Amino acid sequence: MNLDQITAAAIGIADADGLAGVRMSSVATRLGVSTMALYGYVGSKEDLLTAMADAAVPEPPEPDGVPWREYLTTWTRANRDFLTGHPWLLSGAPAVPPTGPRALRWLDRALAALNGTGLDAGEAINIATALSGYARSSATLAIGLHGPVGEAPPGPVGYAGVLARVLDEQGHPALHAAVHAGAFGPAEQWVEDADFTFGLDLLLDGVQALITRRSGENA
């Protein structure tokens with residue numbers, strides 16, 4: 001037995017049952033060992049959760065000379081996809097700066113993609129933070145609309161339908177008008193790739209504007 005085996009077993013439980021199902025005893029049962037045997041490899045459940053959070057993160061896509069915008073589009077989409085594949089990552093520890101080796105490689109590759117754009121290191125880190133935050137919020141929305149692990153998904157009435165029934169036109173006039181104009185669309189449309197790309201393009205347009213502005217300042 002080693003830490004990788006323990007972590008993989010814990011991730012399997014979390015994927016099936018959510019973080020609530022991850023206990024030192026349940027991991028030990030899956031591995032066919034005693035609970036005390038695990039403590040030779042992880043000091044506590046918190047240590048195990050830390051190891052799980054990094055192990056569940058795949059290797060980031062490599063820039064390989066791809067233009068920065070194309071790469072960051074791929075990077076952000078891949079970030080969202082691994083989060084939706086492991087919903088418990090969103091319900092564990094609050095979002096904090098990455099500390100695990102895999103998570104740090106994601107940050108490293110985003111910074112590498114922005115090399116040569118004229119942006120300084122602080123600006124590049126802020127861009128990576130904004131994009132990872134967008135990936136996280138998009139994944140949270142997708143999971144929220146389909147229901148968390150271990151629970152039944154929401155009923156067929158979409159979010160827009162709920163708003164149409166409960167919104168007060170006088171208290172929320174602009175939102176009321178938007179809902180009844182069909183601005184939200186069916187709940188399923190909220191997680192379509194076109195909607196994700198629309199928001200991502202807004203962010204990347206801002207990055208492009210910053211690069212252009214920095215280029216003019218340095219000319």
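I first wrote down that a nonpolar core is a set of buried Ala, Val, Leu, Ile, Met, Phe, Trp, Tyr and Cys residues joined through side-chain atoms within 4.5 Å, where buried means under 20% relative accessible area with a 1.4 Å probe and protein chains only. The model is predicted, so local features need pLDDT of at least 70 and side-chain atom pairs count only at pLDDT 80 or more, while totals for chains, interfaces and linings use all residues. Residues are numbered from 1 along each chain as its sequence is written, and side-chain values use heavy atoms, with hydrogens and water left out.

I looked up the largest nonpolar core and found 44 residues, of which V22, V27, L48, M52, L72, W88 and L114 touch the most other members. Among the elements that give two or more residues to this core are helix 1 (3-17), helix 2 (24-31) and helix 5, helices being DSSP runs of H or I with at least four residues, numbered from the N terminus. Helix 8 gives the most, with seven residues.

For V27 I listed contacts (heavy atoms within 4.5 Å), and, not counting residues up to four places away in sequence, V27 touches I6, A9, A10, I13, V22, L38 and L48.

I then turned to S26, which lies in helix 2 and counts as buried because its relative accessibility is 15%. The side chain of S26 reaches the backbone oxygen of G21 at 2.9 Å.

Last, I checked T76 in helix 5 (residues 68-85), which counts as buried because its relative accessibility is 0%. Leaving aside neighbours within four places in sequence, T76 is in contact with L131, Y134, A135, F196 and L200.

Technical notes: Buried means under 20% relative accessible area, exposed over 50%, partly exposed in between (1.4 Å probe, protein chains only). A polar contact is a pair of N or O atoms within 3.5 Å; within protein, one must be able to donate a hydrogen and the other to accept it, and residues adjacent in sequence count only if both atoms are side-chain atoms.
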